[in-house]
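Hi,

Here is the structure I said I would pass on.

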Amino acid sequence: MKKLRWAIDGELWELDASTPRTLEGAARAVPGKALPLGLSRGTKLFRPNQIDFMQRFMAAPFLPSYTHHLGVTIQRVLSIPVSENWSALLLGQFNLRKFLSSLKENGGGDGVHKRDLKSIGKLFLDKSLYALGFSSEVLLTPDDTLLLSSDSYYDHNSSSIPRKKAVFHHKFPHHNLTVDAAWPALFVDKETGTYWDVPFSMAIDLASLPLDSGLSYHLCLHHNHGSPKQFQGDPIAQVPASLFAGVSAKCAFSYEKNVDIWRSKAQKLKMVQPYDIFLSDPHVSASGTIGAALSANFGESSVRLVEDAEDIKHLSYHNPTLKSTLLGDIFASVSFTAHHGNFQRLVSDLTRFHVRMDFPSGSKFLSGATRLAQDLLNSHQPSPEAVKMICPTTSLSLQQQIAGPFSFRVDSGVVIDFKDKGWHIQADQPVFAIEYALQVLFSAKAIAWYSPKHQEFMVELRFFES
């Protein structure tokens, strides 16, 4: 099951994180600190297209969103007809919080009561209330797509810089090729939740299509240029090494195996279409993935990656003269899913639980296990550092039908607080959501989610997700 804010391909490769901080509505994942594994860009429906769909078919005049630095904003899209294979969209964003603040300040605290319609109308002429985004998508051939976008923010501060992006996507048999360039590019560190702007970032990615079971791989050439800057308003944090200027070539291979522990053979209700066909089969299943990754890095980022890779020195090589680093490691992931209900009845027909444990660095796990074994053999209390090294990155997801097509869902990471002697288990960056299944489209949903950690709220459209 995919995390609400993160698009995940094949239960392992993290793609983009949803965020209302930019008009694009997405941020790239910061590659792993010990070994860069953030490889693929993904094929998620572009944000302006989501808004256009909801305006056309869901009678939504605008979509609201919230961030702690902008407050409440509303967005609307204007479709510009060009041709059958060429579409263009103009996205407008209005800062509702800033407008209400201006209304209150100019009204001496009484707001609308002391102002006439003409003076209120003048407030709408304030350019700092608006942001505009233009996107154009061209279907070059049935297998080739070119997307160009440009965002302009009229509220002049460090978090409202103009953004441009170009994406070329080609479909090969059983493979996807993506060429992506953004200036600046917004990244988010999944571990700390901190956002970073990189002045220029470009990636060329070739990925095999995900399979239920079997071998898959990703190949990527990535280039960053310029000094990364932290997004305004976030707590001060250390810059991830993989965001510094440099070039990296990455390859990763993995093998995944899915096993059905139990699957219901009971017949579904006749003549009743499930609200979501991907959520209509009760079952209990488990899956496991194991793989290996290799990364060659050149430039400033390679020097800093060596410092972050102390736990895998025996799997790394660094040449200070050429400013190059070669890193290699193995990784693994285990997941368990329990699904009850066919999602056909009005109530109590969907309960879904999913847990996933990731081991991003096999050598780090073995090093921690060795230290832990030595502590136990020497009758010493296990050190928190050793225990932390063997603990997987764990995430939980729970979904429960409320009524009809509406369901409640929560996704959260699970961490152990090693600073406390009791080693208490805590929730990490939980995300809460209400989902509305679009039954007529078989497997599509509108999702309204809120992240307390990031203080973000967003409404999205998703297709073919379980």
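A cut-off to start with: a residue is called buried under 20% relative accessible area, exposed over 50%, and partly exposed in between. Isoleucine 80 comes out at 32% relative accessibility, so it counts as partly exposed. Bear in mind that this is a predicted model.

Isoleucine 80 sits in strand β5 and belongs to a nonpolar surface patch, together with Leu78, Val82, Trp86, Leu90, Leu132, Phe134 and Tyr154. The patch has about 670 Å² of accessible area in total. At least two of its residues come from each of β5, β6 and β7, with β5 giving the largest share, three residues.

Strand β5 (residues 71-83) also holds arginine 76, which is partly exposed because its relative accessibility is 46%. A polar atom of the arginine 76 side chain lies 2.4 Å from the backbone oxygen of proline 61. Other residues that arginine 76 touches include Ile51, Gln55, Phe62 and Leu90. Leucine 63 is 13 residues away from arginine 76 in sequence, with 6.7 Å between their C-alpha atoms.

Two of those contacts, Ile51 and Gln55, are among the buried residues of helix α1. Helix α1 (residues 47-57) is mostly covered, with eight of its 11 residues buried. The cover over those buried residues includes β4 (63-67), β5, β6 (86-95), β7 (130-141), β24 (444-451) and β25 (456-463). Just past α1, alanine 59 has a positive phi of about 55°.

Cheers

Conventions: Residues are numbered from 1 along each chain as its sequence is written. This is a predicted model: local features need pLDDT of at least 70, side-chain atom pairs count only at pLDDT 80 or more; totals for chains, interfaces and linings use all residues. Side-chain values use heavy atoms; hydrogens and water are left out. Helices (H or I, at least four residues) and strands (E, at least two) are DSSP runs, numbered from the N terminus. Buried means under 20% relative accessible area, exposed over 50%, partly exposed in between (1.4 Å probe, protein chains only). Contact means heavy atoms within 4.5 Å. A polar contact is a pair of N or O atoms within 3.5 Å; within protein, one must be able to donate a hydrogen and the other to accept it, and residues adjacent in sequence count only if both atoms are side-chain atoms. Patches are made of residues with over 30% relative accessible area and no salt bridge: like charges are joined within 9 Å, nonpolar side chains (Val, Leu, Ile, Met, Phe, Trp, Tyr) within 5 Å. Accessible areas come from the Shrake-Rupley method with a 1.4 Å probe; for residues, only the protein chains shown count as cover. A salt bridge is a side-chain nitrogen of Lys or Arg within 4 Å of a carboxyl oxygen of Asp or Glu. Lists of a residue's contacts leave out its neighbours within four places in sequence.
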